[in-house]
Amino acid sequence: MTMTVHQTAPFAGQKPGTSGLRKKTKVFMQEHFLENFIQATFDAVGGVGGKTLVLGGDGRFFGQEASQTILKMAAANGAARVIVGRNAWLSTPAASNLIRVRKTDGGIILSASHNPGGIEEDFGVKYNAENGGPAPESITSKIYEITETISEYKKMDVDDVNLDELGEVDLGGMTVEVIDPVSAYADMMEGIFDFDALKAMFANGFKMRMDSMCAITGPYAVEIFENRLGADKGTVTHAVPLPDFGGMHPDPNPTWAHELMDELMGTNAPAFGAASDGDGDRNMILGAGTYVSPSDSLAVIAANAQLVPAYAQGLKGVARSMPTSAAVDRVAEALGVDCFETPTGWKFFGNLMDAGRVSLCGEESFGTGSDHVREKDGLWAVLMWLNIIAKRGQTVSEILADHFARFGRNYYSRHDYEALPTEQAEGMLADLRDRLKELPGREVCGLIVSNADEFSYTDPVDGSVSSGQGFRILFSGGSRVVLRLSGTGTEGATLRVYLERYVPGPDGLTEDPQEALGPIIAATEEIVGITATTGRAKPDVIT
Ligand code: VG1
Ligand code: CO
């Protein structure tokens, strides 16, 4: 068995974005591309000699091949052991859990999350640190620097490992341990939730639909809901992970999870519906005839967490990303716990959880999670809702109505303009930056601008500063719009526009957030000129 040092030119400037490195699959498939990035990652963490890593992904196209490459590179770089899910499968939260319970030095997750998969679609690589969470900016910047100059990488010249069979094999002195991707995760869920109450609820005829969108949560959801909790067989649909997600766009929102939406909004809808994304860290929650916006979901979970065994002692604190609505802030205030506002992306929650300052975190982008792992966790969020429903004995729409009556309602929507010419999108925001100072005090479409700034975050635990994290325009009365460019796209620039309006108490207002947000949408066009600049009459995706 020999190890080769491959001479290579750098694919310079590979900078992990909001959640790892994402590119078109064909970019990753170029000779030496994946290898350069993996070697840069190994070097950025001080080498992997003697270390143990976790490896797995969401089952998308190129995941198996990439896993074989990474195993051979880990062996050549002197790693002691790699724990890999069968078929190279691991959901993102399951990988985070394994890194923690097996006390490994870190892990590599192969996924482009909610982006479509296939040879013409997207692939991604994410490095997680020993706390189980996404690598912090200090590591991702180092990876980036190394990709600028890398000139060689190490790889074993050996046959592929059989990843279909559980057990341990030797690969050039390194142990490859192939494990069942589901069991440790399902066991963890049993330790968090009241499985007896949930079993009783299903035994009493409770019906739900889980749409795994041909992505990674299928096997996990079948094991947890159907096998362990006794939900009807067939409760989980699109339950087999496929390399191209069966042509689906595995993004759990009303646009892409339209089959689930149709079922839950139709006649004979089950009481509860949920979907998750490619790598299993996102979730969408529905009740019969009811859509729960992710920001409201976070607030409801915070307000009811004590009904769930693992959180019976109360929450240490909560955190949300800046563009997420302030609905959870009101709950935190009522509970008397801290509420932190972080930049977009789960990596910013890790320090707060490690320091014991928060138990619960969430993002408007269908991400919710807690300190049980260091990633957002789609099935965990589904189980939180189920546990809350079981304990309260109410429907999703009753729980929401009670919540709004008690805390008021933050109408919320995100408008995405995808694949804009990068220069145009960046130019539009640069122009906004130049005009920010002039905005306060101006009246626009009947709204008064009370403040406008660009969000910069100082980590309360380690003092690190992340600037340029999105533009905020606040209007008097508690409405606001936030604008930022996506850090996960693979084509041009995606502009995200986050709209929010607070209404205290039951309001008699429309149920339609787009209508409630109408004045803010109009004011945003007046101030930023999105349609005027891009020529796009409307957003590509509204959530
Ligand atoms: C998006 C979301 C962000 C999320 C990130 C990763 O990032 O807005 O909230 O953390 O995706 O989620 P961006 O930069 O495109 O807005 V996942 O499920 O793709 O790991
Ligand atoms: Co994801």
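Biologist: Let's start with Arg 320: is that residue buried or exposed?

Modeller: Before the answer, one caution: this is a predicted model. To read burial, you look at the relative accessible area, and under 20% counts as buried. Arg 320 comes out at 5%, so Arg 320 is buried.

Biologist: Which residue does Arg 320 form a salt bridge with?

Modeller: For a salt bridge, you look for a side-chain nitrogen of Lys or Arg within 4 Å of a carboxyl oxygen of Asp or Glu. Here the partner of Arg 320 is Glu 341, and their closest N and O atoms are 3.2 Å apart. Arg 320 belongs to strand S15 (residues 317-321) and Glu 341 to strand S16 (residues 338-342), so this pair ties together parts that are 21 residues apart in sequence.

Biologist: And Glu 341 itself, how does its accessibility read?

Modeller: Glu 341 has a relative accessibility of 26%, so that residue counts as partly exposed.

Biologist: Which Arg meets the side chain of Glu 341 in a salt bridge at 3.5 Å, N to O?

Modeller: That's Arg 472. This pair links distant parts of the chain: Glu 341 sits in strand S16 and Arg 472 in strand S24 (residues 471-475), 131 residues apart. Arg 472 counts as buried, with 17% relative accessibility.

Biologist: How many salt bridges does the structure hold?

Modeller: There are 35 of them. Another one to look up is the pair Glu 223 and Arg 228, whose side chains meet at 2.7 Å, N to O. Glu 223 is partly exposed, at a relative accessible area of 21%.

Biologist: Now the metal. Which protein atoms are the donors of the cobalt ion (ligand 2)?

Modeller: With a metal, you list the donor atoms and their distances. For the cobalt ion (ligand 2), they are Ser 113 (OG), Asp 277 (OD), Asp 279 (OD) and Asp 281 (OD), lying 2.0 to 2.1 Å away. Along the chain, these donors follow the spacing S-x163-D-x1-D-x1-D.

Biologist: Are Asp 277 and Asp 281 buried or exposed?

Modeller: Asp 277 is buried, with a relative accessible area of 0%. Asp 281 is buried too, at 1%.

Biologist: Okay, ligand 1. Where does that one sit?

Modeller: You check which pocket holds the ligand, then which residues surround it. Ligand 1 sits in the second largest pocket. There are 20 residues around ligand 1, and the nearest are Thr 18, Ser 113, Ser 365, Thr 488 and Arg 496. Ser 113 is also one of the donors of the cobalt ion.

Biologist: Which side chains have polar atoms close to an oxygen atom of ligand 1?

Modeller: Among them is Ser 365, with a polar side-chain atom 2.6 Å from an oxygen atom of ligand 1. Ser 486 has a side-chain N or O atom 2.6 Å from an oxygen atom of this ligand. For Arg 282, that distance is 2.7 Å.

Conventions
Residues are numbered from 1 along each chain as its sequence is written. Chains are lettered from A and ligands numbered from 1 in the order in which they are written. This is a predicted model: local features need pLDDT of at least 70, side-chain atom pairs count only at pLDDT 80 or more; totals for chains, interfaces and linings use all residues. Side-chain values use heavy atoms; hydrogens and water are left out. Buried means under 20% relative accessible area, exposed over 50%, partly exposed in between (1.4 Å probe, protein chains only). Helices (H or I, at least four residues) and strands (E, at least two) are DSSP runs, numbered from the N terminus. Donors are N, O and S atoms within 2.8 Å of the metal (3.2 Å for Na, K and Ca); water is not among the atoms, so sites may look incomplete. A residue is near a molecule or strand if one of its heavy atoms lies within 4 Å of it. A polar contact is a pair of N or O atoms within 3.5 Å; within protein, one must be able to donate a hydrogen and the other to accept it, and residues adjacent in sequence count only if both atoms are side-chain atoms. On a 1 Å grid over the protein atoms alone, a cavity is a set of points where a 1.4 Å probe fits but cannot get out, and a pocket is an open set with protein on both sides within 12 Å along at least five of seven lines; lining residues have an atom within 4 Å of a point. A molecule sits in a cavity or pocket if more than half of its atoms lie within 2 Å of its grid points.
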